[in-house]
Amino acid sequence: MSKFKVLFVDDEEELVSTLVERLKYRDIAGAYELNGASAIERLRREKFDIVIIDLKLPGISGAETTRVVKQEHPELPILLITGHGSPLETEEIPKGIEDILPKPIKLDTLVEKIQTVLRQE
Amino acid sequence: MDSEQKNKVDSGEVSEELREGLPRYRRLRKLSVIITLLVALIPLAIMTIINFYQDQESYRAESRYNISRILSNTKRTLEFVVEERRAAISLIISQVTYDQLSDDDGLKTILQNLNGSFGGFVDLGLIDSSGNQTYYVGPYELKGKNYKNQEWFNEVLVRGAHISDVFMGHRNLPHFVVAFRHERKNGEPYVLRATIDMEMINRVFYSLDLDRNTDAFLVNQDGVLQTASIFFGDVLSEINVDVPKRFRHREVIDEYEKEGKWVTSGYAFIEDTPFILMVSKQRDNPFLHWFYQRTGLFWFLIVSAALILVVVMYGSSMTIKRLQELDKRRARMLHNVEYTNKMATIGRMASGVAHEINNPLAIINEKAGLLNDLVFHTKDLPERDKFFDLSDSIIRSVERCSKVTHRLLGFARRMDAKKETIDVKELLEEVVGFQKTELAHRNIQVNYNFPPETILVESDRGLLQQVFLNIINNAFAAVDVGGHVEIGIDGTDTKSVIVSVTDDGIGISEDNLQHIFEPFYSTKGEFGTGLGLSITRDIMQKLEGHIDVKSKPGEGTTFNVYIPRRGNFQV
């Protein structure tokens, strides 16, 4: 039985699907959505313990998605992923997020981060 | 050593214009000097010329006035002297009867009376109608002399009166003759003739008290001197000046140049005589006169012109220098813009490439990780360890790739000057690290000659990286296969850290050494842009440091980079 349930919002399907699969081996249940709209939709239907959003998303931006999710689920912890080398100057960082992780995502770091955040909850 | 001095660039003296720009500025300077000088000196010259003409005009007017005054005064006096004697003779002939005159003793009395009253009478003679001097009183034996064929005698008979030109008498003294005609009761004409000494006339001239440049004398209509002249000679010599004919004007003033002197002459006719009064004034030529009169002005002019010249030269030099500096700065700015654009483009490309590669790298990494996870949870997989080895190898390779893209992105991000504390040793090793492949490929030995302590500077990491990348790259390009490059740090100076990059490569000729920091100067032919070292120099200037080079062809080259420990450059 998985301890936590994580939703990834990232358009790089190959990457997130692999991450989700790998998290399974670490007792973390994961799902993913490829864009902000479907992620917001899914969060209305399904309960997650934490959401991990890539700032760079097609359609609704990662920052916008974060704001909507935060508005609809104020208690839901959110981690942001930012591409290495693209400074945050273009994207306004939404308030209320737990942390920002740089790319490339290291699985061990991610797991650790998730555990830290959720243990605080 | 010399070339090291020449190429010291912190003074900013190595200039792009050195080879082609300077003649242009020299021309510009010359033009500016000429125009300014013309504008400044022409009014001065015009004023001087005006002054010269005004001065000359007033000098001339003064001379004319002076001469005119002497002329009219002297003319009046001379006319009086002549008229007095003429009138006396005229009176005698009309009042004294022929009988009274035709007596030597009577004549003698008259001559004595005349000399008593007027003076200047030498002799007196009575001539009958046939020209015989029948009665005579005077110092010469002239009694009985016949004048019938002489022109003056006939003139007296026709006109009634005559005053002669001056002639030398028997005593060898200048005289002139006054003669009048009268008729006896029987109608027969007779002539009374008196010789008058020129001394009477000369006295008038002596009394004029003229300066030594002014001459006054009498001349007859044939140009023969009637009195002695200072300028023209003694009595009865001819003067080579055109004597005016009887003009209606009583005075004529003429100007002409004679033997470098300017002569102003005035003429006046003495009434009822053949004499022309002439007053001549000699003076220096107008320019010399002006020059002597206005020596002060002349020196003032020279000093002013010299001052203007100095100020104009200095001013032009400063202006042109300033212009040159501005041009230089503009060229450098253009150059910087070009450089920045170029670097921005490279930066964008690098970051684009890095991002594009990063995503698939992440996927490969995660897939390999997943493979690892799968194998880990499949305990009975044959050759399980081999799988682990393989996936680990993939992950290590991905990590290596990540490092490359990481560097690329780092490089792209560091386009703007940013102050931070930098470990110089680490920075240099990092830069060399970029070129590991080339080093291995060409078997180049890099030796670090670093002091044991950590050397820190406060500067811009990206820009310093760019500088060393360029210099170290040049060093690698200069050496042969198996060559040596030594990178040293001298941390003994308190103000700057000196990094030296020495190679044992081909070296740089002295000729090239003077130009290597100039933009677009390349010895790499089509392979170089010629911008590398110029950009490097500009960056070091931006970072408040500088760079110099010494080299010997065939032995190698050393670049010294002086990094200030605390850069004050503007971020």
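Leaving aside its neighbours within four places in sequence, which residues is Val467(B) in contact with? In this predicted model, the list runs to Thr536(B), Ile539(B), Met540(B) and Val561(B). Val467(B) itself sits in helix H12 of chain B. It counts as buried because 28 other C-beta atoms lie within 10 Å, against a cut-off of 20 or more. As for Val561(B), it is 94 residues away from Val467(B) along the chain, yet the two C-alpha atoms are separated by 8.8 Å.

Three of those partners, Thr536(B), Ile539(B) and Met540(B), also turn up in the packing of two helices, on the H14(B) side. Here H12 (residues 461-478) of chain B packs against H14 (residues 532-542) of chain B at an angle of about 145°, and the axes are 9 Å apart. The crossing is a left-handed one. On the H12(B) side, Val467(B) is joined by Leu463(B), Gln466(B), Asn470(B) and Ile471(B). Facing them from H14(B) are Gly532(B), Leu533(B) and Lys542(B), along with Thr536(B), Ile539(B) and Met540(B). Sorted by class, the residues of this contact come out as six nonpolar, four polar and one charged.

Then there is the meeting of the two chains. Chain A puts 15 residues in contact with 19 residues of chain B. On the chain A side, helix H1 (residues 13-24) of chain A supplies the largest share, with six residues.

Key: Residues are numbered from 1 along each chain as its sequence is written. Chains are lettered from A and ligands numbered from 1 in the order in which they are written. This is a predicted model: local features need pLDDT of at least 70, side-chain atom pairs count only at pLDDT 80 or more; totals for chains, interfaces and linings use all residues. Axes are lines fitted to C-alpha atoms, for helices over the stretch in contact, and angles run from 0 to 180 degrees between N-to-C directions. Helices (H or I, at least four residues) and strands (E, at least two) are DSSP runs, numbered from the N terminus. A crossing is left-handed if the near helix is turned anticlockwise from the far one by less than a right angle, and right-handed if clockwise. Two residues are in contact if their C-beta atoms, placed from the backbone, lie within 7 Å. Ala, Val, Leu, Ile, Met, Phe, Trp, Tyr, Cys and Pro count as nonpolar, Asp, Glu, Lys and Arg as charged, and the others, Gly among them, as polar. A residue is buried if 20 or more other C-beta atoms lie within 10 Å of its own, exposed if 12 or fewer, and partly exposed in between; C-beta atoms are placed from the backbone.
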